[in-house]
Amino acid sequence: GAIRRVLHGTVVSDTVCIAMETHSSPIRKYRTAQGLTAESVASWFGLSEVTLRSYENGARKIPPEFAVAFEARTGVPRHELRPDLFGPAPTKEAAA
């Protein structure tokens, strides 16, 4: 049978785990480009490393207040973190 893993107390298939592990989040892109650990970035916001990684891999939705704070600290637009809440990034025409 298929191999199953436990993720946050829920048994999931390897396919789900692989999809979550390969999810390329703006948080992870920023963090790795800057050579930062998840632990150090989490500490900026008073979060645990586990919580930050759950935002990175899509296991938990990023709270809107975190998206705003992350944008303020890093310059990564909140629209990239939660387009469902903040909509797509503004276009250059709209800003003019």
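A nonpolar core is taken here as a set of buried Ala, Val, Leu, Ile, Met, Phe, Trp, Tyr and Cys residues joined through side-chain atoms within 4.5 Å, where buried means under 20% relative accessible area, exposed over 50%, and partly exposed in between (1.4 Å probe, protein chains only). The structure is a predicted model, in which local features need pLDDT of at least 70 and side-chain atom pairs count only at pLDDT 80 or more, whereas totals for chains, interfaces and linings use all residues. Residues are numbered from 1 along each chain as its sequence is written, and side-chain values use heavy atoms, with hydrogens and water left out.

The protein contains 8 helices and 2 strands, assigned as DSSP runs (helices H or I, at least four residues; strands E, at least two) and numbered from the N terminus. Their order from the N terminus is β-β-α-α-α-α-α-α-α-α. Of the 96 residues, 28% count as buried, and the accessible surface comes to about 6200 Å², with 56% of it belonging to carbon and sulfur atoms; these areas come from the Shrake-Rupley method with a 1.4 Å probe, and for residues only the protein chains shown count as cover. With contact defined as heavy atoms within 4.5 Å, 33% of the contacts between residues at least 6 apart in sequence join residues at least 24 apart.

The largest nonpolar core has 13 residues, and those with the most contacts inside it are I27, L52, I62, F66, F70 and L81. Helices α2, α3, α4 and α5 each supply at least two residues of this core. Leaving aside its neighbours within four places in sequence, L81 is in contact with P26, I27, I62, A67, F70 and V76.

Helix α2 (residues 26-33) has I27, Y30 and R31 as its buried residues. Seen down the axis of α2, these residues fall within an arc of 95°, and they therefore line one face of the helix; the arc is that of the directions from the helix axis to the C-beta atoms. An α-helix has 3.6 residues a turn, so residues three or four places apart point the same way. On the other side of α2, K29 and A33 are exposed, while its buried residues pack against α3 (38-44), α4 (49-56), α5 (64-74) and α6 (78-81). Just after α2, G35 takes a positive phi of about 70°.

Aromatic rings of Phe, Tyr and Trp (its six-membered ring) were counted as pairs if their centres lie within 6.5 Å, with planes under 30 degrees apart counted as stacked, over 60 as edge-to-face and the rest as tilted. By this rule the count comes to 6 aromatic pairs. In one of them, the ring centres of Y30 and F70 are 5.8 Å apart and their planes lie at 80°, so the pair is edge-to-face. This pair links distant parts of the chain, with Y30 in helix α2 and F70 in helix α5, 40 residues apart. Y30 is buried at a relative accessible area of 18%, and F70 is buried at 0%. Y30, W44, F45, Y55, F66 and F70 form one aromatic cluster.

A charge was taken to sit over a ring if NZ of Lys or CZ of Arg is within 6 Å of the ring centre and within 35 degrees of the ring normal. R73 lies over the face of W44, at 3.9 Å from the ring centre, and the charged end of R78 sits over the ring of F86, 5.5 Å from its centre.

In the loop between α4 and α5, G58 counts as partly exposed at 48% relative accessibility. G58 and S24, although 34 residues apart in sequence, are 9.2 Å apart in space, C-alpha to C-alpha.
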